Amino acid sequence: MFHRRRATMAAFLLPAIVVYGAFMLYPLARGVYLSMTDSLGGPMANFVGTEQYRSMADDPAVTSALWHTVLYAVVVVVVQNGLGLLFASMLFRRPKVRKTLSVVLLTPALISPVMAAFIWSYLFAPTGGINAVLDLVGLHSLNHVWLGDTSTALYSVAAVNIWMFTGYSCAIFLASYMSMPTELLEAAELDGARGWRRFASIEWPLLAPALTVNVTLSLIGSLKVFEFPLVLTNGGPAGATETLTLLVYRNVFGGGKFAYGVALSVVLLVTVVVLSSATSSLLRLRERRI
Amino acid sequence: MTSDTTATSTAPGGGLRRLTGGLGTVLLCLGTLLFVLPFLFTVVTSLRTAADVARSPLGFPDSLTLKNFSHAFSQIHYGRSTLNTLLITGLSCVIVTVIGSLAAYPLARITQHWSTAVYRLFILGTSVPVFVVVAPLYLLMRDLNLLDTYAGVVLIYTALNLPVAVFFYTSFIRTIPGDLEEAAALDGCGPFRTFFTIILPLLRPVTSTLLTFVCLQIWNDLLVPLVFLQDPDKRTVMVNAYSFIDPHTVQPTTLFPAALLGVLPLLVIFVFFQRQVVAGMSAGAVKS
């Protein structure tokens, strides 16, 4: 169709390349350059090489934000996919309720993170929903200032993330379940493989591609989390939920440390790309071995 | 509750398995209920009076009121901000679909080094967080005088969502056999006519999936409008909700109606296009 028709090819590709190049690739390249200057966002900027990056090493805010981001991601990836898998494997065995429940589970993922944070900020409040429920069932001793305590704040924020996207993980696992060859499952049934053995020896290996997708998606999503900590805790208490994205946002738009914020965003990019591509290639390697 | 497990009930010990199966179904329903409970709680609370909620947060409402909604409606300038969000979401969706599908056609049909390179460049964008480009984009928009304009925000959303669109359309077009197009070429049909008369109609299902995905992303986004739209008249629902309502000082009777209003248009869409939404949300899984 496109033999020797360079002009036509260009016409098809040009609009997308122009928009994508100008508003994605160019800012990306300019960001990397800006991170090596002392720019304040104005026209004046001097090239300072790796100075911004070197000063991060002495900045405790950076190391703690990096740690919070990674810890948050690990908690979300493990719990969200664990729950999603549990729901999917139970739903798969119950065709009557499968469709309805999986759609219901998916609804939290529809709403915006800001709205989810609104709902949960009241549920987590000292006199809010969760503590009231605990009182109701006689567990007043478990009452807690969920978002105001440095030891629980990050996990509470992660819980909101998990609440939103468990149905999403479940839907992906369930789709993988539905595409399993029925002959194989029936053969396993005849051989008497049931329960845990059937899951471990037959279903789990077949779920490998879905696991790769789920882990990679949730990892990328949770590493770039922004709205949840912004609305729920604004990074507090005492910086306990300060993530890399919040740090970038404050530095870039908070005034004074523009280039430093840009350099932090490059660190965020490297973190996301390195962790997600390492994880997904490890998981793909595992798929091939199974 | 009955067990829905497969033919196992005839096997020895089937009765017990039936029982555990039924128990599992009950647990499953309870677990799902736990996930929607915050929603139900939000809906009920937003219909109660503030005094009633303060008296017993979990109790049943004495009387129902819609006052909270009208209050939240004016507080976040709901009418105006919804129109803004609709405009931005709609325009971005149209542009992403059109230029994304156009670009995907040659990328799917040409198998040369440069086309794979261009394709890879687009896919690269799927793993770039908005945060990485937000600061340089701000400078760019300022230099182009596009700060505080719908056009600026629409262009940003287009660029951010093009990678997904190109990925979607390219992988879909690759599954379409080339016979039809060859026949069309023999009849003297150029690439443009072929695209619009043969390829485009086939893209309808993948487009609806893509659109629900892109719609959700844009409608729910906070960062881009927060940074690029300062003018109060141009703000989106999420920005207004975020800037006018502090969840830590505000009563749940203000907070919850605001949250529900922000979700409402999407819930309506969800009810009508349930299948596409489910497919669109699982969009990321298409790769497997």
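Leaving aside its neighbours within four places in sequence, with which residues is Val160(A) in contact? In the predicted model described here, Val160(A) contacts Ala116(A), Ala117(A), Trp120(A), Phe228(A) and Leu232(A), two residues being in contact if their C-beta atoms, placed from the backbone, lie within 7 Å. Residues are numbered from 1 along each chain as its sequence is written, and chains are lettered from A and ligands numbered from 1 in the order in which they are written. Because the model is predicted, local features need pLDDT of at least 70 and side-chain atom pairs count only at pLDDT 80 or more, while totals for chains, interfaces and linings use all residues.

Val160(A) also belongs to the largest nonpolar core, which holds 162 residues; together with Ile156(B) and Val166(B), Val160(A) touches the most other members. A nonpolar core is a set of buried Ala, Val, Leu, Ile, Met, Phe, Trp, Tyr and Cys residues joined through C-beta atoms within 7 Å. A residue is termed buried if 20 or more other C-beta atoms lie within 10 Å of its own, exposed if 12 or fewer, and partly exposed in between, with C-beta atoms placed from the backbone. The most is given to this core by helix 7 (residues 153-178) of chain A, with 17 residues.

Chain A contains 13 helices and zero strands, where helices (H or I, at least four residues) and strands (E, at least two) are DSSP runs numbered from the N terminus. The C-alpha atoms of chain A fill a box of roughly 75 × 70 × 30 Å along the principal axes. Of the 290 residues in chain A, 45% are buried. Among contacts in this chain between residues at least 6 apart in sequence, 71% join residues at least 24 apart.

Chain B has 14 helices and zero strands. The radius of gyration of chain B, taken over C-alpha atoms, is 25 Å, well over the 19 Å that the globule rule (2.2 Å times the number of residues to the power 0.38) gives for 288 residues, so chain B is more spread out than a compact globule. Buried residues account for 43% of the 288 residues in chain B.

The contact between the chains takes 83 residues from chain A and 77 residues from chain B. On the side of chain B that touches chain A, helix 1 (residues 14-46) of chain B supplies the largest share, 12 residues. This side of chain B comprises 54 nonpolar (Ala, Val, Leu, Ile, Met, Phe, Trp, Tyr, Cys and Pro), four charged (Asp, Glu, Lys and Arg) and 19 polar residues (the others, Gly among them).

Most residues other than glycine have a negative phi. Ala238(A), however, has a positive phi near 50 degrees; Ala238(A) lies in the loop between helix 11 (227-232) and helix 12 (244-253) of chain A and is exposed, with 9 other C-beta atoms within 10 Å. His77(B) likewise has a positive phi, near 45 degrees. The place of His77(B) is in the loop between helix 3 (67-75) and helix 4 (78-109) of chain B, where His77(B) is partly exposed, with 16 other C-beta atoms within 10 Å.
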